[in-house]
Amino acid sequence: MARLLIVFIVIAAVAAIAPWLIDEKGYVLIAFGQWTVEGSIVSFTILTALALFLGYLIYSLVRYGWGSYRNLRHGFFARAKERKQAVLEQAIWALINDDMEQLQHTLSKGKVEDHWQDFALAMRAKASLRQDKPDLALNLLDELSDTNRAKPAALWLESHSDAEVLATLRQQCSSKKATSQQLNLYAQVLLRLRKYSEFAELVPRLVKSQSLNEYQWDWALRQYFQGADKTQLDKRQNELPKHIREAAHTHYLRAVVRIGDIASVTDALKKLLKRGEYSQLLSILSEIEQGDVEALQKALQQELKKQPDEAEMLLCLAYLAQSQGEHDLASRIFDKVLAQQQTLPHPQRAMRSYRATQQAEKALLVLDHS
């Protein structure tokens, strides 16, 4: 803008000086309709320069005013955002310190960002239950968005009697019009109350309505096979619909391995090994703590002769060694894998063997890269 103004001034100055140089006064005549304006070039040049200067001044003032407004507006919203962030931080610290009175006071008096609103409501509901105010807790839980309504299942259960909440959900979910959120909450409640047969009956509807995402399914199936002996695990596996049973098979195998009855599923694990499904096998064996692993160990060693540097098979062998208390062997295997890659899928297992063999530095290294 400044350059344009200078150009106009130069043109106007040349136009004003030129008539004097050629000894001609010159004049300017502007006519529009019945109106005419007549004057000398000098006066016209001065007026033009003044008009340009005034336009530039107005432009500068407008730009300055708009910039000041934007800065003020940005500062206001930034401060408001900082206040909301401070409220959330104070509430989290109160929750950590189990100070429910401070938590309730902080969140009831202050505001948080919209995307944290459901978390604030759930925390207030938890505080209300700790203060023996179940009615207030229910009102707060009712305000949760449909997306997150089913997530604080423990709070829903705590705010009702088990029989009451189960009866309500049964009635709601008996209808074909039950929402995916209601089915999701019903599934969580059934698992928390250990109603495994009812959960198995509900599974086809959960699949059809897509009520659970991948992570929720992982949690649900882990809970379904949790805390049972081999007989109960077999019963729960057989109660699942056939097309779901295959998808749940990995969770079933994890549970069997977790209770130490690995010998009963060794053939199934060998099949995974022969099919080259090393990641799935590794996921299952990450649960092992004890058991008869001799047959599977021999099968792994045979496969490793063909692929001696296959990291996932090496880690499977290390987990089996750990389950037998052979931490020296497990540590050497972890060393070999770490020479190939910096991270491990289950770093806590490597740390356990390194600690058992007095290799604290390697344990810290694994922790740093996890």
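F199 is buried, its relative accessibility being 0%; buried denotes a relative accessible area under 20%, exposed over 50%, and partly exposed the range in between (1.4 Å probe, protein chains only). Y224 likewise has a relative accessible area of 0% and is therefore buried. The model is predicted, so that local features require pLDDT of at least 70 and side-chain atom pairs count only at pLDDT 80 or more, while totals for chains, interfaces and linings use all residues. Residues are numbered from 1 along each chain as its sequence is written, and side-chain values use heavy atoms, with hydrogens and water left out.

The chain contains 19 helices and two strands, where helices (H or I, at least four residues) and strands (E, at least two) are DSSP runs numbered from the N terminus. The chain has 370 residues, 37% of which count as buried.

Seven aromatic pairs are found in a search of the whole structure. The pairing criterion is that ring centres of Phe, Tyr and Trp (its six-membered ring) lie within 6.5 Å; planes under 30 degrees apart are stacked, over 60 edge-to-face, and the rest tilted. The pair of F199 and Y224 is tilted because the ring planes stand at 40°, with the centres 5.5 Å apart. Since F199 belongs to helix α9 (residues 196–209) and Y224 to helix α10 (residues 214–224), this pair ties together parts 25 residues apart in sequence. Both residues also belong to one aromatic cluster, formed by Y196, F199, Y224, F225 and Y252. Within 6 Å of the ring centre and within 35 degrees of the ring normal, NZ of Lys or CZ of Arg is taken to sit over a ring. The charged end of R236 sits over the ring of Y196, at 3.7 Å from its centre.

V265 lies in the loop between α12 (242–258) and α13 (266–274). The C-alpha atoms of V265 and Y252 are 9.9 Å apart, with a sequence separation of 13 residues. V265 counts as buried because its relative accessibility is 5%. Residues up to four places away in sequence aside, V265 touches L253, V256 and V257.

Twelve salt bridges are found in a search of the whole structure, the criterion being a side-chain nitrogen of Lys or Arg within 4 Å of a carboxyl oxygen of Asp or Glu. One of them joins the side chains of D218 and R254, with an N to O distance of 3.8 Å. This pair links distant parts of the chain, D218 being in helix α10 and R254 in helix α12, 36 residues apart. D218 is partly exposed at 36% relative accessibility, whereas R254 is buried at 15%.

A salt bridge between E287 and R222 has its closest N and O atoms 2.8 Å apart. E287 is in the loop between α14 (278–285) and α15 (294–306) and R222 in helix α10, 65 residues apart. E287 is buried at 14% relative accessibility, and R222 is partly exposed at 31%. R222 and E287 are linked with R258 in a network of salt bridges. In a further salt bridge, the side chains of K235 and E239 meet at 2.7 Å, N to O. K235 and E239 are four residues apart in helix α11 (residues 230–239), so about one helical turn separates them. K235 is partly exposed at 48% relative accessibility, as is E239 at 29%.

Y319 and H346 are in contact; leaving aside neighbours within four places in sequence, H346 also contacts L282 and S286. H346 is found in the loop between α17 and α18 (347–356) and is buried, with a relative accessible area of 17%. R349 lies over the face of Y319, at 4.9 Å from the ring centre. Y319 and F334 are both buried.

A nonpolar surface patch of about 590 Å² is made by F53, L54, L57, I58, L61 and V62. Patches consist of residues with over 30% relative accessible area and no salt bridge, like charges being joined within 9 Å and nonpolar side chains (Val, Leu, Ile, Met, Phe, Trp, Tyr) within 5 Å. L54 lies in helix α2 (residues 41–96) and is partly exposed at 48% relative accessibility.

Notes. Areas by Shrake-Rupley, 256 points an atom, 1.4 Å probe, with all protein chains shown as cover. Contact = heavy atoms within 4.5 Å.
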